[in-house]
Amino acid sequence: RFRHRMRRARVDMFLTFVRTTCARPLAPAERLTHAEATPRRLKLDSSQSATTTSFPSRTRGFALRTRAQANADDVSEVPRKKTRADVFESLKNQPLSGTKYKSTGAFQQTRVDDAKAQIVRFLEYKPRTRKELFDKLTIDKGYEAEDANEALDAMQRAGVQSDAAYAEAFARYKWRNSRWAAWRVRGALRQKGVDDRDIDLGFGPVFAEGGAIKIDLFEDDEDDDEDDDDVELDDAQLDTIMTLEQELESDSWRDYAKAGRLIDLLRAANLRERCRTARERYNEAFAMDEARWSAWIQDELANKTTGTKRERHTRCDELFARAIEECGRTSVRLHMGRSRNAMELEADESDRRALYETATAGPGMNFNDGHLIWQAYRAFELSWAASETQKVRVKALYLRQLKIPQAQSQATLEAAKTWAADAGLHNADAAFHEAYAVGNAAKVLREPYEARLLAVTSSHEGDAKLLRAYATYIDFEMASGSPDRVVHLYERALSSLPYVAELWRDYVLYVWSISFKSAEAASRTLMLRAVRMCPSSVLWKSVLELESSYDLYTHALRTKFRDPNDYGAVLTKVLTQCVRLDDWAKASGCVTFGFEQMAKDYSPNIMAAAAIHVLKELVDYALMKDHKTTVASFIDAVFAQLAERAPFKTAAEFVILRTDTSRLIKKTQKEVLDLYDVALQRGTVEPVGLSKKTVDEETRRLAGTAMLLKAKARYLSTFAPKKYDDFNEKTNAMAAVRRYELKLACERLAANAAAKERMKSGGSRRERAAARRAGAEPIPRKRTREIPEGGDKTDMNLAGMDHDARVKTLFPTRDTQTAFVKNLSWDVTDAELMEFFTGAVSCRIVKDKATGRSRGIAYVDFGEEAALNAAIMRSGEALKGRLVDIAKSRPPGDDGPDGRGGRGGGRGSRGGGRGGGRAAPSVASGRGRGGLGLMPRAITVTRTDNGEGAQAKTNADFRAMFVKGSSQ
């Protein structure tokens, strides 16, 4: 009930606002007093008017109705509801000298009118007091206090806003839902800025004297079974939603990202009506994927506040049909959902059977999931009373499914045989086996392709490999000669890769080739669907090749592309099609419309560069036609139309192109030279390639003048050599060009010198450009590696140091609290390793680069030295069945007993990283580079004079030393 009131109230508010702002001001005798604008339940006497405001139960919505009811004894005091004719008549009789009217007599909207519209927008989302609205207008929206008060007064006179009505609704809402007493409600209303007089008026129908309640708790609660999942919105969320709506409306809903974000915000806020409207606008401008369609359908089914259950399912049936047509022709989920929805609607048997037949021709051919469609179809047939007709239909369904290559064909055969035995059709097994043989033979041929698709999809190897897999599969199906399966496979590929224009293009061309004249309507529908799902210049050019119509041209030119060159390519294709058909008027209109769209969507310089390229292509193609007179007049009209428009008016390239084209269409020498002279005298011509952000205006105009002078000199030297000599001698124009080129050379040399300095001082190119514009010092280049505190890499003398010494110099604190762990199990994870140690802060398991498998070693970092020592003491304990070797990690350059060092025990340890046979001792054995892993990594003895007792370097030395020590 509350939500129905909310929807009706918004319409009433809007109509009241229109009547208030557009009609003439009412005379003082005609205006409603504040008492007359109070709610029906707040009446002080029997002659007051009625206004009802209700706070829905646990909702943030706003429901406001205004209905002026006149006293039966004095009807003349209430103004009559004005019709459209009355409004126009009142405007016609108004003097046009006021501030609201221009000198031409047209109505001019004022800041007060803007504030009124803003108030209506605020109240659409949630009820607000006058103070809250005043703060929103003055603080958030920047309106003057005088304008805000005038707008609020007008809204109160119209009955759109009333603090007394707000107080009554707020009191009802808080008592029913939270059992607030009268004193608590009054305190909350005072904090919201409601006057005590309005509070007393609002409390009249709710609280009696002394705070006793007057309303029934269960009054008008017949709709309590409605869902109560509404969300309380804050002002920031509302402002974001309103800002997005305004931006999208101003841009005609052409921003894909903003539209999607608005829908997500509205859905999260549970603003269902606005979300439905936003989705409709979104679907008008863009194509929706299966996920968005599914979310829309789920929201419609869950919304139990609008219409009956049948009405909801009827709306969902329409949405299912639109979703399947746009993106779900191979979606098992959408087809199954539509079939279930038809069952809820109690559709006719023939209608439901038609839905299943459509599904069998689409997702029913799917290799992996198609059996679900056939199972649902058979369940539908078996749900009717048993009869011979039912048996015939079910048997036919089994035979049709068994002939289709599907992964579950064997299970389908067993199910068919079981059903036949239960139904008493003992002679059906032969037919089932025959159909199974056909389907299984096709299944064996397609299994490798399906396996490849499954492997690429599950491993996330990238869209490129997925596209190659689909392309190979499609080629196979084309060779097998089954158009239905080719179409089905194209649909499957496009459901996974809807943004690949080349795939859509091949699909359109294939359908066009197999349908040709027999199904032109279907081919055109597919073309429109393709450019809607993937608005690419590549696809649009292919579509325009197949069909030429003005509606299609307009559709193409209304499409928004990220790259202006893509839009230019589509515009060029449209223009060449018009010229090819000798439709010069249509070509001229397309030029104007296309360039206007480019000016809206792109920056001036980028738009001018793409538009000039389009003009070049148009001129080249048009000059190939035989009708030279018609071509000349068309080209001259196009250039004349664009010459006085920005940014062509100041584009040097446009002037040069126009003069060159004028020579080609046989204009006189004087007319060509006049074009150059007019542009040079204007002095505002500049190249479109120079950025206005980085190049000053004087330099840009100097460059544009130089371009024009060189072009004019080239023309004179070719077609009027004598005039060229006079032009060069009298004007000294080429000397000016040479001076400009010399200036460019100076700038180039200065840039080279600055580049050398930058290599010394550092800083990225973007940062240096920002520093030049700001006049600041160059920004040092970012370090890719951490520099020791208090030092600079450039200040250190690293000459003559090996790699280990350099690392130790640059990073003296590296690995000071790190343990090196060996002999790990291959399947140990980071989490298990962190759990094994106490006090560990991070760990790194070393993996093989080629295979990605663990190498059985790891580095574990600790937060303090005590935790590291405790971990080393655990060396030799078991972790997942293996005894781990734990030692302190030694960074490169850390001297061991013999002056060598290494990470984790020295160089040579197999799987031990850098280090090995010559570093600190370790309990566990490791294979060194020259031995079998039986000798400790460092054993030193006293060297004797004859060389005995030297450090053992091999296993043989170690055994000899061991035997000698035992004998002693």
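**Close-up views of a predicted model**

Asp827 has a relative accessible area of 46% and is therefore partly exposed, where buried means under 20% relative accessible area, exposed over 50% and partly exposed in between, computed with a 1.4 Å probe on protein chains only. The structure is a predicted model, in which local features need pLDDT of at least 70 and side-chain atom pairs count only at pLDDT 80 or more, while totals for chains, interfaces and linings use all residues. Residues are numbered from 1 along each chain as its sequence is written, and side-chain values use heavy atoms, with hydrogens and water left out.

**View A. Asp827 forms a salt bridge with Lys880.** The closest N and O atoms of this pair are 3.4 Å apart, a salt bridge being a side-chain nitrogen of Lys or Arg within 4 Å of a carboxyl oxygen of Asp or Glu. The two residues are 53 residues apart and link distant parts of the chain, with Asp827 in the loop between strand E3 (818–822) and helix H37 (830–836), and Lys880 in the loop between strand E6 (878–879) and strand E7 (882–883). Helices (H or I, at least four residues) and strands (E, at least two) are DSSP runs, numbered from the N terminus. Lys880, at 40% relative accessibility, also counts as partly exposed.

**View B. Asp677 and Lys712 meet through their side chains in a salt bridge.** The N to O distance is 2.5 Å, and the pair, 35 residues apart, links Asp677 in helix H31 (residues 669–682) to Lys712 in helix H32 (residues 697–719). Asp677 is partly exposed, with a relative accessible area of 25%, whereas Lys712 counts as buried at 9%. In the whole structure, a search finds 48 salt bridges.

**View C. Helices H18 and H19 are roughly antiparallel to each other.** The axes of H18 (residues 409–423) and H19 (residues 429–459) come within 10 Å and cross at roughly 170 degrees; axes are lines fitted to C-alpha atoms, for helices over the stretch in contact, and angles run from 0 to 180 degrees between N-to-C directions. Angles over 145 degrees count as roughly antiparallel, under 35 as roughly parallel, 65 to 115 as roughly perpendicular and the rest as oblique. Among the residues that make the contact are Leu413, Ala416 and Trp419 of H18, and Phe432, His433 and Tyr436 of H19, contact meaning heavy atoms within 4.5 Å.

**View D. The largest nonpolar core has 119 residues.** Such a core is a set of buried Ala, Val, Leu, Ile, Met, Phe, Trp, Tyr and Cys residues joined through side-chain atoms within 4.5 Å. The residues with the most contacts inside this core are Trp504, Phe595, Met598 and Phe654, and helix H28 (residues 604–622) gives the most to the core, with ten residues. Leaving aside neighbours within four places in sequence, Trp504 is in contact with residues including Leu494, Pro498, Arg529 and Met533. Another core, of 19 residues, lies apart from the largest one and includes Val821, Phe836, Phe862 and Ile886.

**View E. Leu581 lies in the loop between helix H26 (564–580) and helix H27 (584–601).** With a relative accessible area of 48%, Leu581 is partly exposed. Not counting residues up to four places away in sequence, Leu581 touches Ser548 and Tyr553. Leu581 and Ser548 are 33 residues apart in sequence and 9.5 Å apart in space, C-alpha to C-alpha.
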